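These are my notebook entries on one protein structure. I recorded what I looked up, entry by entry.

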Amino acid sequence: MTGERRKRKKPEPSPAQRALGLLVRREHSRRELERKLAARGVEEAEAAKAVELMREQGWQDDTRFAVSLARSRAGSGYGPLRIRQELEMHQLDPGAVDAAFQALAEDGEDDWAARARSLVQRRYGELDDADRARRHKAAEHLLRRGFDVETARRTTGFMPDD
């Protein structure tokens, strides 16, 4: 040998190895994991089998995924409507979605009015003396982030608190 190293061809990872590789990075829903495996060339039946194996071994759990996603989105300033919609896009069991919101409540992270006020304060400052256009802009921002109309109106002063 003249100092050259021969590169050995690595064996192709199994569908289960690919699934585990994705799951060690972050939580994935069952549907998302199957889709990512398919995008990596794994046949549908093999992907479903690999995901089921990951679920059986505790590596994949839709409820744990839902809780993780809900906490992440709430911490990023998204409201309950947007979070619920995103969870439902993953075709999660309704129990997993409910568990995610229950976890937010248990953590004290479900005071949506306080979250909306904080978001508006950071982005638009105090609205006490703001003109209608600035209030409107702040309310639209809250609606885009997934807060309900009543929360947006109360937070921006379009509807007085009771």
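This is a predicted model: local features need pLDDT of at least 70, side-chain atom pairs count only at pLDDT 80 or more; totals for chains, interfaces and linings use all residues.

Residues are numbered from 1 along each chain as its sequence is written, and side-chain values use heavy atoms, with hydrogens and water left out.

Entry 1, Thr 155. I found Thr 155 in helix α9; helices are DSSP runs of H or I with at least four residues, strands are runs of E with at least two, and both are numbered from the N terminus. The side chain of Thr 155 comes within 2.7 Å of the backbone oxygen of Thr 151. Beyond its neighbours within four places in sequence, Thr 155 has contacts (heavy atoms within 4.5 Å) that include Ala 113, Arg 117 and Leu 142.

I counted 1 aromatic pair in the structure. Rings of Phe, Tyr and Trp (its six-membered ring) pair if their centres lie within 6.5 Å; planes under 30 degrees apart are stacked, over 60 edge-to-face, and the rest tilted. The ring centres of Trp 112 and Phe 147 are 6.4 Å apart and the planes stand at 70 degrees, so I recorded the pair as edge-to-face. Trp 112 belongs to helix α7, while Phe 147 is in the loop between α8 and α9, 35 residues apart. I noted that Trp 112 is buried at 15% relative accessible area, and that Phe 147 is buried at 2%.

I located Gln 17 in helix α1, residues 15-23. Its side chain reaches the backbone nitrogen of Ser 14 at 2.7 Å. The C-alpha atoms of Gln 17 and Ala 50 are 8.4 Å apart, although 33 residues separate the two along the chain.

I listed 9 helices and 0 strands. Of the 162 residues, 35% count as buried. The C-alpha trace spans about 80 × 45 × 25 Å along its principal axes. Among contacts between residues at least 6 apart in sequence, 54% join residues at least 24 apart.

Definitions and conventions. Buried means under 20% relative accessible area, exposed over 50%, partly exposed in between (1.4 Å probe, protein chains only). A polar contact is a pair of N or O atoms within 3.5 Å; within protein, one must be able to donate a hydrogen and the other to accept it, and residues adjacent in sequence count only if both atoms are side-chain atoms.
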